[in-house]
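Student: I am new to this structure, and I would like to learn about its pockets. Could you walk me through them?

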Amino acid sequence: MTATQQPVRPGKVSPNRGVPSSIRRPPYIANGGQPSGRSLAPLTEAGAIARLRASCAAARRVLDAVGTAVAAGVTTDELDVIAHDLYVAEGGYPSPLGYRGFPKSICTSVNEIVAHGIPDSRALLDGDIVNCDITIYLDGMHGDCSATFLVGDVAPNVQALVDVTQQCLDLGVAAVRPGARIRDIGRAIQATAHKHDYGIVRELVGHGIGEEFHSTPYVHHYEEPRDRTRLRAGMAFTIEPMLTLGSPEVVQWDDGWTIATLDGLPSAQFEHTVLVTVDGVEVLTA
């Protein structure tokens, strides 16, 4: 981020986009956007695992397509349009749309925005970074992934932050295996993040996923001794470290969604959905 860049400010949010009635909705849509809060058991049926794989593969295709559209002058609302149309083309529902009242189909988090940025009329600028968070509900399963994309000529220190964040995701994934503990994931991420003097956002975590958008287990991206749950084959969850160039302290905007760094310095995030297997881990959104 260059010294001349201004803090991100909210733009105009366009009206919600419709989804064809033929596309299956997640149950929370009929409940005013409120999720059930139920926990998910490890997946044991081959059919359920196949449906989760298909949903995650679709999410990855949407993410890759959105990433190719990232460029200076493109608004985050335009990225939302691209993603929305691709969700529908995949035969799926945009999981964020209507979830707890969220108004859009993806989250777009620019520069100091850590997560849950609402797509709007703000155009991306040369030197920006933007995290695009994609979740699709397809055949009864949610698939979830995100990546941070560079816009034009990004400052070297911001480029380094993005690169190390992706590395931390890979290290977190590598810690997943049956018999390991949830805390092992956070320990692996923390070791590299702190080696490079980056902050780790603590208020937002990875989560169980599948028939529910968010469920247990919750995955901290730092060493948390209380995360003693043993990993078992069939457990599906996200790993999504959020690192900061400065302090990891965050503040929420008045919109009730947007989370920004308190000091205004950039944050980067990458996310995969993973499945614990009998002999290791399968990255479903690779």
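Tutor: Happy to! A pocket here is an open set of grid points with protein on both sides within 12 Å along at least five of seven lines. Keep in mind that this is a predicted model.

Student: How much space lies in the second largest pocket?

Tutor: The volume is the space filled by probe spheres set on the grid points. For the second largest pocket, that comes to about 390 Å³.

Student: Which residues are the closest to the centre of the second largest pocket?

Tutor: There are 23 residues in its lining. Of these, the ones closest to the centre of the second largest pocket are L40, A41, P42, L43 and G234.

Student: Which element gives the largest share of the lining of the second largest pocket?

Tutor: Two elements give two or more residues to this lining, namely α1 (46–69) and β8 (215–219). The largest share is 3 residues, and the element they come from is β8.

Student: How many charged residues are in the lining of the second largest pocket?

Tutor: Sorted by class, the lining has 12 nonpolar and 5 polar residues. The charged residues in the lining of the second largest pocket number 6.

Student: Now for the largest pocket: which residues are the closest to its centre?

Tutor: The largest pocket holds about 550 Å³ of space. It is lined by 26 residues, and the closest to its centre are Y99, H116, H207, F213 and H214.

Student: Which element gives the most to the lining of the largest pocket?

Tutor: The elements that give two or more residues there are β2 (107–110) and β4 (129–138). With 3 residues, the one that gives the most is β4.

Key: Residues are numbered from 1 along each chain as its sequence is written. This is a predicted model: local features need pLDDT of at least 70, side-chain atom pairs count only at pLDDT 80 or more; totals for chains, interfaces and linings use all residues. Side-chain values use heavy atoms; hydrogens and water are left out. On a 1 Å grid over the protein atoms alone, a cavity is a set of points where a 1.4 Å probe fits but cannot get out, and a pocket is an open set with protein on both sides within 12 Å along at least five of seven lines; lining residues have an atom within 4 Å of a point. Helices (H or I, at least four residues) and strands (E, at least two) are DSSP runs, numbered from the N terminus. Ala, Val, Leu, Ile, Met, Phe, Trp, Tyr, Cys and Pro count as nonpolar, Asp, Glu, Lys and Arg as charged, and the others, Gly among them, as polar.
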